[in-house]
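Dear colleague,

I am handing over a structure for you to look through, and my notes on what was found in it follow directly below. Please keep it open beside this email as you read.

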Number of protein chains: 2
Amino acid sequence: MTEPAAPLPPGSRIGILGGGQLGRMLAIAAARLGMRVHIFAPEEHAPAAEVAAERTRAAYDDAEALAAFARAVDVVTYEFENVPAAALRAIAPHAPVRPGARALEVSQDRLEEKRFLNQIGLRTVPFAAVSSAAELHEALARIGAPAILKTRRFGYDGKGQVRISDPADAEAALAALEGAPAILEAVAPFRRELSVIGARGLDGAVACFDPGENEHRDGILRRTRVPGDIPPAARAEAVLATGRLLNALDYVGVIGVELFETDQGLVVNEFAPRVHNTGHWTIEACVIDQFQQHIRAICGWPIGDGARHSDAEMRNLIGAEADEWREIAADPRAGLHLYGKGAARPGRKMGHVTRLGPRARP
Amino acid sequence: MTEPAAPLPPGSRIGILGGGQLGRMLAIAAARLGMRVHIFAPEEHAPAAEVAAERTRAAYDDAEALAAFARAVDVVTYEFENVPAAALRAIAPHAPVRPGARALEVSQDRLEEKRFLNQIGLRTVPFAAVSSAAELHEALARIGAPAILKTRRFGYDGKGQVRISDPADAEAALAALEGAPAILEAVAPFRRELSVIGARGLDGAVACFDPGENEHRDGILRRTRVPGDIPPAARAEAVLATGRLLNALDYVGVIGVELFETDQGLVVNEFAPRVHNTGHWTIEACVIDQFQQHIRAICGWPIGDGARHSDAEMRNLIGAEADEWREIAADPRAGLHLYGKGAARPGRKMGHVTRLGPRARP
């Protein structure tokens with residue numbers, strides 16, 4: 001047992017890998033606590049860099065730039081889960097990385113992720129590793145169709161996924177993934193999808209925000225409502241599952257855990273080792289939101305208790321929906337967030353809007 | 001009548017004169033709406049510049065730098081009321097300045113300010129212009145002692161003020177102000193000080209946040225509570241006075257109006273043509289806070305309605321009180337703000353903390 005590290009004092013330097021909207025909102029939260037933010041991102045236009053004191057523009061495989069970045073900060077975190085393992089190795093000698101490498105490794109591979117969840121006693125849908133047509137047929141025979149074939153790595157927002165409705169479509173599905181190692185997952189006929197934004201401090205303290213009910217369309221989150229229509233028992237179970245996961249990973253920071261409520265109970269779909277789109281409602285509905293919570297955790301500060309003062313509904317503004325800013329601005333109580341991105345490409349998350357309601361139940 | 005200007009779209013460039021904590025919180029609010037912020041500030045270490053996309057470091061009397069800054073943005077605002085008139089003249093040909101020059105002129109001179117308030121039918125304490133010992137004695141004879149002698153210009157946080165308890169102290173008081181043009185103000189025996197954070201849009205719409213009850217010590221704000229113990233009639237009167245002032249100034253943006261509740265009713269003490277320390281509680285207690293509200297107004301957007309979902313108490317962290325961050329961070333529901341300033345000099349505002357409570361009354 002080592003003594004817990006002293007909390008990083010105000011004025012400390014927070015390094016963030018990634019320059020998108022999550023990094024932008026993390027940078028704002030860090031600034032609010034008097035921290036100095038340093039963004040590491042390869043793209044020319046990084047929305048997060050516009051609210052940060054320092055910025056390094058370099059590729060995630062530039063070990064020298066990563067080491068210099070790490071030497072210039074007191075702690076490193078990230079806004080996306082596909083940080084290359086080599087990048088972490090370049091950073092690790094110079095600054096702590098929080099959440100740690102274990103959470104990243106597990107979450108980067110859908111197969112490892114589901115195996116890990118099962119190992120720690122959390123239920124998932126049935127799944128099987130697939131690296132050949134023979135394995136796929138065997139897996140389909142066991143799991144049944146419809147099922148979803150997914151690449152094990154680098155999937156997000158519905159990308160890298162093919163639905164197999166009939167075993168006859170197996171070869172075409174495999175071809176669509178271009179030979180990438182894959183996982184076949186049973187389709188869970190679920191009543192609803194929910195998610196929990198959890199947090200774990202450096203001292204091991206755990207706190208979760210209330211679960212939200214999510215709606216997706218075309219694989220992209222459209223809306224999160226809190227508390228939504230989630231039954232109390234499912235809410236409690238989801239929070240307990242999140243706590244178990246945080247402890248099993250010896251996690252530090254905020255995590256986003258997606259679950260399905262099925263006729264057979266809750267199953268964990270996946271988790272993201274970072275602040276999460278389904279937690280944006282916390283900005284308006286909580287004194288300490290998910291971004292503050294993450295910065296507190298990675299700085300070794302006590303974490304907030306996840307309390308919310310209001311019910312909330314968050315809607316994403318996808319692609320051209322960002323043009324609705326005029327109408328949304330005309331609602332005198334709508335919390336509008338725009339991410340400072342350039343072109344509103346289809347499917348691109350351009351902003352979100354949160355509306356609060358009085359807290360209807362405890 | 002000219003058509004109201006179209007609202008500035010997301011991605012527009014907001015210029016802010018001043019690099020302190022108010023500029024920092026304005027910059028964060030602007031970034032949330034997808035705007036790009038450009039800070040103009042002479043000091044090397046400007047807390048606002050750490051959350052801004054662009055920064056100009058130059059003096060407020062550098063007309064060339066001001067003009068270049070104004071050309072590089074779509075609208076200019078400021079975080080302090082002592083912006084030199086010459087600076088506004090350098091900016092005006094290139095970008096709109098909001099709030100406008102009239103509000104600045106009036107608020108920069110305590111004598112003009114009180115005269116203006118009286119002209120539009122708002123009560124103040126009795127006052128008199130003082131530019132000589134003879135005038136001071138005459139004023140003391142009329143207003144009585146105790147009274148407060150203040151410089152007409154450049155006072156803040158209790159600076160540039162001398163209390164005169166006895167007419168015999170008149171000469172010493174005048175000497176303390178070193179010959180600066182002054183105003184003698186009656187001391188109002190007040191039950192409480194309150195303030196209203198009001199806003200007026202480019203379209204003339206007006207909205208006020210609920211009045212707060214303020215506590216000062218040594219001339220510096222210590223605490224604001226909303227709604228505090230302010231009687232309903234005084235709340236209504238304070239809001240109406242603020243609306244009248246906003247309209248009379250043809251104001252655009254957020255204003256902070258300080259009032260005293262006396263045995264003879266409300267009197268207006270002073271106003272600041274900017275976001276205001278007594279409005280920091282709105283960050284946690286409102287979906288659209290005073291900083292968002294100001295950015296919306298100066299961008300020609302519809303303003304929020306000033307609704308709050310919670311009661312609130314805001315406490316300033318002055319000087320070494322910022323060292324309390326560890327204890328405050330241990331409160332899992334305290335909204336802590338630290339401004340990223342360097343040395344915690346006595347009397348310096350280093351941060352603040354807001355705590356919410358359920359809304360006790362409408």
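In helix α8 (residues 232–248) of chain B, the 17 residues should span 24 Å at 1.5 Å a residue, and because the end C-alpha atoms are 24 Å apart, the two values agree; the expected span is 1.5 Å times one less than the number of residues, and helices here are DSSP runs (H or I, at least four residues), strands being E runs of at least two, numbered from the N terminus.

This is a predicted model, in which local features need pLDDT of at least 70 and side-chain atom pairs count only at pLDDT 80 or more, while totals for chains, interfaces and linings use all residues. Residues are numbered from 1 along each chain as its sequence is written, chains are lettered from A and ligands numbered from 1 in the order in which they are written, and side-chain values use heavy atoms, with hydrogens and water left out.

Just after α8(B), B:D250 takes a positive phi of about 50°.

Elsewhere in chain B, helix α4 (residues 101–108) packs against helix α5 (residues 110–119) at an angle of about 110°, their axes, lines fitted to C-alpha atoms over the stretch in contact, being 5 Å apart. The two are therefore roughly perpendicular, a term for angles of 65 to 115 degrees on a scale from 0 to 180 between N-to-C directions.

Technical notes: Angles under 35 degrees count as roughly parallel, over 145 as roughly antiparallel, 65 to 115 as roughly perpendicular and the rest as oblique.
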